[in-house]
Amino acid sequence: MHFDAPILTDFDDDPRHAPEAPDPTQALLADLTEPQKQAVLHTEGPLLVLAAAGSGKTRVITRRIAYLVHCGVPAWQILALTFTNKAAGEMRERIGTLLGEGARASRGLTVCTFHALCARLLRRYAEAAGLKPEFAIFDTSDQLALVKKAVEACQLSTANFQPRAILSAISNAKNDLLDAEQFAAGAMDFSTRCVAQVYRAYTRMLRQANAVDFDDLLLLTARALAHNASVREECRARWQYLLIDEYQDTNKAQFQIASLIAGEGQAGSRRPNICVVGDPDQAIYGWRGADISNILDFEEHYPAAAVIKLGENFRSTAPILAAADTLIKRNTRRKHKPLFTSKSGGDRVECVLCRDEHHEARLAADWLRSRHEAGTPWREMAVFYRTNALSRVMEDALREANVPYTIARGTAFYDREEIKHALAYLRVVANPADGVSLARIVNVPTRAIGDTTYARLESHAAAQGVTVFEAMRRAGSAADLNARAQGAVGKFVQMMDGWTAGGAFMGQSLSTSLADLVDRVVKESGLESMYKAQAHTSKSDADAERVENLAELVSSARQFEMEYDPAADPAADPAAGGTPPLLAMLRGYLESVALVADADAVDPAQGSVTLMTLHAAKGLEFGAVAMIGLEEGLLPHARARENDAAMEEERRLCFVGITRAMRRLLMTASKYRTIRGMSERTIPSRFLGELPGEHVTISDQSDMWDGHDEEHEDASQETPRDGNRRIVGGGGVRPGAHQYPVGSVVRHPQFGVGVVQSATLGADARVVVAFRGVGTKTLVVAYARLTLVNPAG
DNA sequence: TTGCGATCCCTTTTT
DNA sequence: GGGATCGCAA
């Protein structure tokens, strides 16, 4: 999860290897095909590698880097950029293995994501970017909170200007390298001008909070590189060899960052050593601003570029490959590029039309089980879906079928309420200007600093031009705060100071280790005891789990600490101003937490089936793959309707899913699907119809299923089950609200144990349940995963 | 104020 | 399915 590829660290010793020693070099090339070899050997000058799915791309990249090092290029001169931490970690590991003992030869090598690189550059060159090095990285929920405030500050209504929509407009602008002023300049109509106004306010508030959002990481880095010659020259001098994976998914900002580091446009005849690798057929991030023309026009940008095509597929059987090829051929905006394999034989792709999502999930689970019985280990199997919402039914079915599974959601842990709270404390510790985090935790647990008090503090801060935390420090002189509030605020400030020594991070009474600091914050803030108290009174697993999660956060900090290399952290550079080591480490930790991706959680070491979205599946491969939800509106997604470019992207997404499969592929659709509580008739995906008949079997089993038989069974009682599909007739009445009388104790898998407060009747009967420590929730009786623990009475 | 309950409203993908 | 929000009652 964490990574500390050192950057901008000077090494006194030169790890240059003697150029002789042909043997290791030969070993690097021995098992490569001719085009693969060419890609490895072409080390000087721009290179475009068009790598079709399954063509051995990762192998080429890792060999190429190892080869460079063998040829005497110091590893620290090499920069390799990926899209996920997972990909970066794997690449680093494989290169380390190739280079052999001690990993000394790979010392200083930089392999990381664009975002991680930018975060580090911005800390190193914070001043040039107009930031302070302890800046926070805001996630989507922080961004939304801030946009909402910005909309209000502009005196606009959040009803007419939905924060979500505005945020997405701002994000698009940033991905196109437009700052607030440039965006405003192009805003003609009323609504766009309002967005521009909010953009301005939002940017101002971000800077006041000393924070950046995900898009800023790229935008501000691109800007610093473009406008600041010394930043640019330092980076160019350091990284002589640049390699970018998944180049088809880079956006304008990333393109500019890459170009500036590579040295495009420099006077003279310098041919930058930039190697980009990608596949236009796997471009699936258009919605995030990725611009496929970056890869298509590479040769125009670098006229000296060599182009190498890797076409042969080493991954999939012929029928799977034929399915993928036939499908992707439907895309019109595409250079045709046949996929081929020298393998023959292989099972047909199986397509099944099911009755409903429960049938579909059960069928997929049974299919996986049969693959397992045929010898495929669980870890070599995966289930893909278009939207995360589809994972739930699948999970239930896998649990019932006793199929071990893990969901690839790297962010899930950090999305938990208790973790978000703890991290918010830490963020304020690292960066007291972070008003968004401060607002989150100032009254959690309750310490008599309510909304009213906080609003007053905010207005003081605004009036005096200081941060809210500074206003809290001065609360003693705030006339409109009563003594009780002043006391409460004073205690809060004192608590924070106890962790930071008033922000100095120096002194013998302070924590010496990061884990110790996190532990202190979790305990002394009262968070832990708050959840402990709840766990005690409610006896629910959910609350006990929260306490455990907090403990896990402490151990994740300890883990980070052990892997942390201060020399690798540019912010810890003594020349950068003598940052206390604990603060530097805390920054690094918070940064690594902010940049985790869902795909990072894919752990093949576990003996379980992996569930993930199609987007997260890119770059992976599995022996057997089940793709579910092949329906119009889902895949292709409804949002892609009436938009040819978006529709082609959906097709590429489907293509990516298919090409992950090595030997077996199941694709399912269901005739009926429950969408926000309503069962709706669906239409099978057009993509199914686009598959080649001779390599695909299609079966309609939608009338072979009649079962709502055990939907509300308590999944925790692990009833043994045979592997056969159960087809149960009759008896499929969904439970009504009358089954949960007021006063009943129920269990919800996420919210824990609660008491039914009230119930409504009718087709979409709902119950209001008070959950301990979570609050009250209104749940749809027919679909909520409720278990009756104890009926009223 | 705070807690509760009802009503509204949405709904992709992710660094 | 459930998050957000707003009005109402205590």
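Is Asn210 buried or exposed, and at what relative accessibility? I began my notebook with this residue, and I found that Asn210 counts as buried at 3% relative accessibility, where buried means under 20% relative accessible area, exposed means over 50% and partly exposed is in between, with a 1.4 Å probe and protein chains only.

**Entry 1: ground rules**

I noted that this is a predicted model, in which local features need pLDDT of at least 70, side-chain atom pairs count only at pLDDT 80 or more, and totals for chains, interfaces and linings use all residues. Residues are numbered from 1 along each chain as its sequence is written, chains are lettered from A and ligands numbered from 1 in the order in which they are written, and side-chain values use heavy atoms, with hydrogens and water left out.

**Entry 2: two residues with positive phi**

I placed Asn210 in the loop between α9 (190-208) and β5 (211-213), where helices (H or I, at least four residues) and strands (E, at least two) are DSSP runs numbered from the N terminus. The phi of Asn210 is near 50°, which is a positive value in a residue other than glycine. I then looked up Glu246, which lies in the loop between β6 and α12 (252-262), and its phi is a positive value near 50° in a residue other than glycine. Glu246 is buried, with a relative accessible area of 9%.

**Entry 3: Asp216**

I found Asp216 in helix α10 (residues 214-227), and with 2% relative accessibility Asp216 counts as buried. Its side chain makes a polar contact of 3.4 Å with the side chain of Arg207; a polar contact is a pair of N or O atoms within 3.5 Å, and within protein one must be able to donate a hydrogen and the other to accept it, while residues adjacent in sequence count only if both atoms are side-chain atoms. Leaving out residues up to four places away in sequence, I listed Leu122, Lys174, Leu206, Arg207 and Thr221 as touching Asp216, where contact means heavy atoms within 4.5 Å.

**Entry 4: strand β7**

How many of the residues of strand β7 (residues 273-278) are buried? I recorded six of the six, so strand β7 is largely enclosed by the rest of the structure. In a regular strand the side chains alternate between the two faces of the sheet. In β7, Asn273, Cys275 and Val277 point one way, whereas Ile274, Val276 and Gly278 point the other way. I saw that strand β1 (residues 47-51) pairs with β7 in the parallel sense over four bridges, two strands being paired if DSSP finds at least two bridges between them, and that Leu50 stands opposite Gly278 in β7. Strand β6 (residues 241-244) also pairs with β7 in the parallel sense, over four bridges, and here Leu242 stands opposite Ile274.

**Entry 5: a seven-stranded sheet**

I traced an open sheet of seven strands in the order β11-β12-β10-β13-β14-β9-β17, with parallel pairing. β11 (405-407) and β17 (696-700) stand at the edges with a single partner strand each, so one side of each is left without a neighbour in the sheet. Neighbouring strands of this sheet are turned by 20° against each other on average, direction ignored; axes are lines fitted to C-alpha atoms, for helices over the stretch in contact, and angles run from 0 to 180 degrees between N-to-C directions. β11 and strand β12 (residues 609-613) pair in the parallel sense over three bridges, and the bridge partner of Tyr405 in β12 is Val609. Helix α17 (residues 391-400) packs on the sheet, where it touches β10 (381-385), β11 and β12, and its direction makes about 160° with that of β11. Helix α29 (residues 644-659) lies across β10, β13 (622-627) and β14 (661-670), and runs at about 130° to β14. In the loop between β13 and α29 I found Pro636, and the peptide bond from Leu635 to Pro636 is cis, with omega near 5°.

**Entry 6: DNA strand B**

A base oxygen of DNA strand B is 3.2 Å from an N or O atom in the side chain of His115, and a base oxygen is 3.0 Å from an N or O atom in the side chain of Trp287.
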